[in-house]
Amino acid sequence: MGDANRFIFGVEIEATRGLAMEEPASRMARLANDLVDFPDVDILGLTDNPGGNPNNRPEALGLQLHERGQEVFIGVSCKDHNRNGIESRLWALGSYGFDTVLALSGDHPTAGYAGQAKPVFDIDSVGLLEMMRRLNEGFPPPDRSVGARIPTMRTGFFPGTAVSPFKIKESEYLPQLFKLEYKIRAGAQWAITQIGYDSRKLDELKRYMALKQMNIPLIGSVFLLSAPAARFFHRWGVPGINASAELVEMANKQAKSEDKGRAFFHELAAKQIAILKGIGYRGAYLSGRPSLRRIETILEIEKSFGEDDWKDFARELQYPLPEEFYYFEQDPDTGLASSQINKKYLASKTGFAKNRKRLIQSPAFTLGKLTHDVFFDVKAPGRKLGELVYKGLEKTPRPVQRIAHIAEQASKIPMYGCQDCGDCSLPDTAYLCPESQCVKNQRNGPCGGTKNGKCEVLDKECIWSRAYDRLKSIGQEEQMLDRPVIFKNGALQGTSAWSNTFRERDHHSSNSEGQKSR
Ligand code: SF4
């Protein structure tokens with residue numbers, strides 16, 4: 001990925017359940033080893049328990065590939081380990097020389113030994129990126145119990161991140177773009193898209209990144225489609241991947257041909273690669289468990305295309321979902337994004353439109369924000385009073401402190417479903433509790449798993465989509481992730497969050513690691 005002048009090509013190698021020397025793991029190992037000898041493949045991506053399933057560690061195969069001189073990147077997700085487990089894994093990855101790491105929040109676990117595994121999500125992809133950035137600087141991540149940092153040898157991580165432009169609603173799509181900026185500030189040095197079938201959105205992402213000066217290499221995902229896969233995506237079988245009814249219809253039609261649509265799907269993948277090249281992506285990343293023969297075929301087809309053929313392909317390969325939101329108006333000449341920002345969207349940000357939204361604002365948001373602005377914000381007029389009250393309370397007997405804590409909970413449980421974490425993120429999430437209302441406890445923006453604004457697990461709207469709408473009504477949605485990375489402090493569980501804010505013990509404090517490392 002270091003050579004900026006070359007379009008790179010990568011292939012995903014899925015780790016599997018079972019020992020590395022058994023089928024199907026050995027089949028994937030054989031493919032990976034064959035690809036080492038295949039000159040057109042630059043990098044192999046090794047997955048980390050995709051779909052929330054327990055698989056062999058990607059490092060098991062990665063080591064073999066490394067020994068043969070193959071560049072690989074390793075997926076690290078936050079679903080199966082807490083921050084200590086992740087840090088420990090990062091030290092091991094760095095020691096083995098696995099520097100290119102794809103940081104992911106991860107899919108919600110679906111399977112596990114004797115039942116479903118309990119998800120961890122102690123930190124998220126943004127926290128993981130920040131952790132790698134700090135390790136690269138030679139400092140271990142925050143350790144509040146020790147109270148002092150012991151400098152360590154600098155790691156050489158080249159962290160990457162995922163981004164999904166293939167979202168339907170404005171309120172789930174734009175936070176994805178804001179989060180990409182946030183991740184870059186946290187240390188992401190390259191990005192890879194989610195799987196999708198809309199060239200206009202791929203172009204839009206590139207244009208948006210240029211507009212916001214996000215100058216990191218962008219790789220586009222290409223999935224070798226089949227009719228069953230298209231139907232699976234259409235049923236939202238994989239969190240965050242959508243397939244429109246038109247795409248499924250086309251895939252089903254092709255599957256009726258003698259070769260079950262193989263030739264067609266090879267050409268489709270080749271066209272996607274050509275589009276990515278044409279738009280200006282730094283590379284393409286092929287997934288869908290393709291065999292070596294199929295990879296060769298796809299690349300042969302791609303090489304046979306003319307220089308400008310991608311323009312026709314891009315116009316043709318657009319399968320948005322009904323009512324899908326775009327940030328830019330469509331360019332009638334190319335069918336892709338123009339430089340004009342969506343006019344309806346701009347109109348929705350005017351004072352009149354915002355005032356209408358404010359009329360239907362949630363009372364929990366209005367009250368929470370008002371309380372924050374009057375008492376909790378560092379510049380709030382009542383802040384000093386709060387600090388004095390809680391300083392005094394700490395000198396009172398335990399039962400008095402307990403009563404104050406119960407009074408706090410009496411308002412926060414009914415209003416926000418407070419879980420008493422003691423490190424409150426209500427002001428960060430537009431007064432929606434990430435502990436009780438997000439299955440992944442995401443405090444640093446939405447994960448990529450939403451389906452039409454809904455949570456990938458629960459049948460309810462994602463809190464980040466709701467937060468966007470709330471903040472848009474007061475014109476603050478674009479700044480929703482403009483802040484230091486949040487690490488919840490588990491030591492505060494069961495203690496008064498109000499006290500922790502006024503006494504500067506939580507993540508809002510200017511002494512917190514997140515605020516200091518900004
Ligand atoms: S204190 Fe923690 S659990 Fe309670 S509302 Fe705030 S974020 Fe949610």
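For helix packing, axes are lines fitted to C-alpha atoms over the stretch in contact, and angles run from 0 to 180 degrees between N-to-C directions. The structure is a predicted model.

**Helix packing**

Helix 9 and helix 10 (residues 292-304) pack at an angle of about 55 degrees, and their axes are 8 Å apart. Angles under 35 degrees count as roughly parallel and 65 to 115 as roughly perpendicular, so helix 9 is oblique to helix 10. Their crossing is right-handed. On the side of helix 9 the contact is made by H266, E267, A269, A270, I273 and A274, and on the side of helix 10 by R294, T297, I298, I301 and E302. Sorted by class, this contact holds 6 nonpolar, 2 polar and 3 charged residues.

Helix 9 (residues 262-279) also packs against helix 6 (residues 199-211), here at an angle of about 30 degrees and with the axes 10 Å apart. Helix 6 and helix 9 are therefore roughly parallel to each other. The crossing of helix 6 and helix 9 is right-handed. Helix 6 contributes S199, L202, D203 and K206 to the contact, while helix 9 contributes I275, L276 and I279. The contact of helix 6 with helix 9 has 4 nonpolar, 1 polar and 2 charged residues.

Another packed pair is helix 4 (residues 125-137) with helix 5 (residues 170-186), whose axes are 8 Å apart at an angle of about 20 degrees. That makes helix 4 roughly parallel to helix 5. The crossing of helix 4 and helix 5 is right-handed. Residues S125, V126, L129, E130 and R133 in helix 4 meet Y182, K183 and A186 in helix 5. By class, 4 nonpolar, 1 polar and 3 charged residues make up the contact of helix 4 with helix 5.

The table sets out the packing values for these pairs.

| Helix pair | Angle | Axes apart |
|---|---|---|
| Helix 9 and helix 10 | about 55 degrees | 8 Å |
| Helix 6 and helix 9 | about 30 degrees | 10 Å |
| Helix 4 and helix 5 | about 20 degrees | 8 Å |

**Strands**

Strands of a sheet pair through backbone hydrogen bonds, either parallel or antiparallel. This model contains a closed barrel of 8 strands, which runs 1-2-3-4-5-6-7-8 with parallel pairing. Neighbouring strands of this sheet are turned by 30 degrees against each other on average, with direction ignored. Strand 5 (residues 158-163) and strand 6 (residues 190-193) run parallel and are joined by 4 bridges. In one of these strands, strand 6, W190 is the bridge partner of G160.

Strand 9 (residues 328-330) and strand 10 (residues 337-341) pair in the antiparallel sense over 2 bridges. Q330 stands opposite A337 in strand 10. Strand 9 and strand 10 form a hairpin with 6 residues between them, and in its turn G335 has a positive phi of about 80 degrees.

**Backbone details in loops**

The peptide bond from E23 to P24 is cis, with omega near 0 degrees. P24 belongs to the loop between strand 1 (8-13) and helix 1 (25-36). A further backbone detail concerns W236, which has a positive phi of about 60 degrees although it is not a glycine. W236 lies in the loop between helix 7 (227-234) and helix 8 (245-255).

**Ligand surroundings**

The ligand is surrounded by 13 residues, of which the closest are C418, C421, C424, C433 and E435. Helix 16 (398-416) and helix 17 (434-437) each supply at least two residues of the shell around the ligand. By class, the shell around the ligand is made up of 8 nonpolar, 2 polar and 3 charged residues. Cys counts as nonpolar in this division.

Methods
Residues are numbered from 1 along each chain as its sequence is written. This is a predicted model: local features need pLDDT of at least 70, side-chain atom pairs count only at pLDDT 80 or more; totals for chains, interfaces and linings use all residues. A residue is near a molecule or strand if its C-beta atom, placed from the backbone, lies within 6 Å of it. Angles under 35 degrees count as roughly parallel, over 145 as roughly antiparallel, 65 to 115 as roughly perpendicular and the rest as oblique. A crossing is left-handed if the near helix is turned anticlockwise from the far one by less than a right angle, and right-handed if clockwise. Two residues are in contact if their C-beta atoms, placed from the backbone, lie within 7 Å. Two strands pair if DSSP finds at least two bridges between them.
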